[in-house]
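Trainee: Can we walk through this one together? I'd like to start with the overall picture and then go into details.

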Amino acid sequence: MFNSLSDRLNDTFDRLRGKGKLTEADITSAMRDIRMALLEADVNYKVVKDFVAKTKERCLTAEVLESLSPAQNVVKIVLDELIELLGATESKLVLSSRIPNVIMLVGLQGSGKTTAAVKLAYMLKKQGKSPLLAACDVYRPAAADQLATLGGEIGVPVFRGDGKNPVEIARASIREAVDHMRDVVIVDTAGRLQIDEQMMQEAVDIKKAVKPDQVLMVVDAMTGQDIVNVVSTFAERTDFDGVIISKLDGDARGGGALSVRQVTGKPIKFVSMGEKPESLEVFNPERMAKRILGMGDVIGIIEKAQEMADAEQIEAAERMLREGFTMNDMLEQMRAVKKMGGMKGILGMLPGGQRALNQMGGNLDESVFERNEAMIMSMTKEEREKPSIINGQRRARIARGSGTTPADVNALMKQWGEMNKMMGKMRSMTQQMACGGKKGKKGKKGKKMRMPGIPGMGGMNMNQLMGGANPFGGASGGSEMDMLRAMEQQMRNKR
Amino acid sequence: MGFFDALSRGLERSREALNEVFYFGGEVDEDFWETLEDTLVMGDMGAEIAMQVTDDLRDEAARKNLRTARQLRRALSERLSRVFVRPDRDIFRDTPSCVLFVGINGAGKTTTVGKIASDMAHRGKKVVIGSADTFRAAAIEQLDVWGTRAGVPVVKRERGSDPASVCYDVLDEADRLGSDLVLIDTAGRLHTSPELMRELAKVVKVTRKRAEQMKRGPMAVHVVLVIDAATGQNGLNQALEFNDALGLDGIIMTKLDGTAKGGIALAVASRLKLPIYRVGVGEQVHDLQEFDPDDFARALVGEE
């Protein structure tokens, strides 16, 4: 998401970086690029105009122009302004002490209200609440069926009422919630155009009937310039409290999201990024702004990895240290990487990763994962636990069994060898630490070390991939968690 | 209500914006061109096309000595309408024909299939609907309701089954019934998901193959991208990706009854040279109308 915008801004700043000192003309030219990029990203025309004017003014101060690194300063200013535009602080769902709490969703047709309602319900359920979904879309055929099916899948009851009068259904759903001890009601309404007076009035009536604690507007990330007209009317009529941006898992640059906050002053609370019920994330303006500027989303990766790393995996890591790295561990790791969105997903979140990806033609051969998996699956139990016993004959058999060539098996073995070596080093390091030695300082060891920690990357040199900077420092091997923590550390040091 | 009137009503706001541009004191100056360009950008046609159109118009104005608002307005609407490709046939009336509807989530595919089925059944065509959206909850039920309303059979399988097999079934059924028009709804998907795009490519392939072996002779298969008029510049990516994966035949634009200007249609049409088969200007069945580039441009520019 937002990739193209960050690409463009990166190009602009690469040009600025080449110069020691910036002139007013340089700034003007950079601002023109930024304006164009923002427009192509569907940021509203008026918002762009204000943004560029404000940013330019800040960039033209003597402090910036005469500083030692003017380009960095410009980047920082653009980033600051962007964060501000997106809303400076994280804004979460505000629930009151009233039981039941009521959340009402509004939006245009096809913006993703029903999906968002289910995701919200799922999130609340995970937080220990007992939500109830109210199906108030009586217009679109089978809309209530859709909600009922999805509600059934996540184990949240759906109230359908008489299926005729949306205001009545909403009102009755509150009684239903009280009767059945549900503490949050999520009211899913029909999609409506902001110029449809009758339908807008209906939304107002539902709001009056249930007095929601939160009214959330669902906005499609792909919406163009018209978003301003849409959200301002909805803000005026329904006075919503916040926004959910949907379909951000596509490649829409989502500039509309930037405009919403600016035009209505309402915060963006969540972003919805996939088809699964758990793919609703709390909106984080700083992270988003950094991503826009191609500064990576390291925190995002760590959070994601943390989610994936359960107690079982930590135990596995400890066992690996004790007993060495087996093919089973390698398989686990590959699957974990896959779960996090594959190499492409992870790289895309790294600082500069998106650019590295683009330089490689935007494609990473993820089929390596499948090939490696097939090879490991073709090994015997013994071979997987003790890969060192795999000889030429066994390699040939594994290649036949997995539909690969012996050369592929060799590559896999080599990767395993390197990782096992790393594991050995880690072992001695942790032993040193355990023996009361000084705390092993990360980043001290082996600056030029290749990064074999991620299986499936073949012989890809991470140094080359990351454009010269070695983001992994001295962290090596081990679990992805260690690697990611080290990366984050490195990022912090850099700043 | 005719297409032009419906559009004019829908595009009222953008016309207001352009009216302001054209309300100049008789002098065509630098400001005029800049404001015109900005106004076009606000219509979602993309900064690139907006600049190109403005530059072209500028040249033309200089060459032909156009000075009045009326002259410039006409030149602009002509320039815009030239961007569009005219379809060489109407894929819904010119039967036998099989049409697959593809697009991202929430674009309006299912509703469009329902409306076209009603409209064509009303015009005496023998229509059959295939429900190949086996993913979204209640998509099949939604289409079923449309089928009942239109009095058209709907071929379906349970949710979660292979969409390509539904296509095969619906063509079997069309063979049995001797249908003229087969409309197939597919699950919405983001063009950035390679797996889902591959699945769709298979659906199209299977449909094409089966359609060749119809008893009454081969049936032409058309793949139509349904796109929301409010879509911004990402619409171009959508169209490019869907076209790469499937080979599109044309576009249907929905939800032009809001305040969105639908400028993305211009961007897509000019980039991919694809015709626009229908435009949705309202909720009713008859609001899904045939697209007339001249009317669209005239309504957009507000030519009287």
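Predicted model: local features only at pLDDT ≥ 70, side-chain atom pairs only at ≥ 80, totals over all residues.

Trainee: How many helices and strands does chain B have?

Mentor: Chain B has 12 helices and eight strands. These are DSSP runs numbered from the N terminus: helices are H or I with at least four residues, strands are E with at least two.

Trainee: And what is the radius of gyration of chain B?

Mentor: For chain B it is 21 Å, close to the 19 Å that the globule rule gives for 304 residues, so chain B is as compact as a globular protein of that length. The radius is taken over C-alpha atoms, and the rule is 2.2 Å times the number of residues to the power 0.38. Along its principal axes, the C-alpha trace of chain B spans about 65 × 40 × 35 Å.

Trainee: What share of chain B is buried?

Mentor: Buried residues are 54% of the 304 in chain B. Buried means 20 or more other C-beta atoms within 10 Å of the residue's own; exposed means 12 or fewer, partly exposed is in between, and C-beta atoms are placed from the backbone.

Trainee: What about the sheet in chain B, what is the strand order?

Mentor: The order is β3-β2-β4-β1-β5-β6-β7-β8, in an open sheet of eight strands with mixed pairing. Two strands pair if DSSP finds at least two bridges between them. The edge strands of chain B are β3 (154–155) and β8 (288–290), and each pairs on one side only.

Trainee: How do β5 and β6 of chain B pair?

Mentor: In the parallel sense, over five bridges; β5(B) covers residues 220–228 and β6(B) 250–254. V224(B) stands opposite G250(B) there. α10(B) packs on the sheet, touching β1 (97–102) and β5 of chain B, and its direction makes about 160 degrees with that of β5(B). Such angles run from 0 to 180 degrees between N-to-C directions, with axes as lines fitted to C-alpha atoms, for helices over the stretch in contact.

Trainee: Switching to helices. How do α3 and α4 of chain B cross?

Mentor: Their axes come within 8 Å and cross at roughly 145 degrees. W33(B) and L36(B) are among the α3(B) residues that meet α4(B), where the partners include A47(B) and M51(B). Ala, Val, Leu, Ile, Met, Phe, Trp, Tyr, Cys and Pro count as nonpolar, Asp, Glu, Lys and Arg as charged, and the others, Gly among them, as polar.

Trainee: How many residues does each chain give to the contact between them?

Mentor: Chain B gives 34 residues and chain A gives 33. Contact means C-beta atoms, placed from the backbone, within 7 Å. On the chain B side, α3 (30–42), α7 (139–150) and α10 (234–246) give two or more residues. α7(B) gives the most, with four residues. That side has 12 nonpolar, 15 polar and seven charged residues.

Trainee: What does L190(B) touch?

Mentor: Leaving out residues up to four places away in sequence, L190(B) touches K247(A), D249(A), G250(A), I104(B) and N105(B). L190(B) lies in the loop between β4 and α9 (194–212) of chain B.

Trainee: Is L190(B) buried or exposed?

Mentor: L190(B) is buried, with 21 other C-beta atoms within 10 Å.

Trainee: Now chain A. What is the strand order in its sheet?

Mentor: β3-β2-β4-β1-β5-β6-β7-β8, in an open sheet of eight strands with mixed pairing. β3 (158–159) and β8 (280–282) of chain A stand at the edges with a single partner strand each, so one side of each is left without a neighbour in the sheet.

Trainee: Which residue stands opposite I244(A)?

Mentor: F270(A), in β7(A). β6(A), residues 242–246, and β7(A), residues 268–272, pair in the parallel sense over three bridges.

How values were computed: Residues numbered from 1 in each chain as written. Chains lettered and ligands numbered in written order. Contact = placed C-beta atoms within 7 Å.
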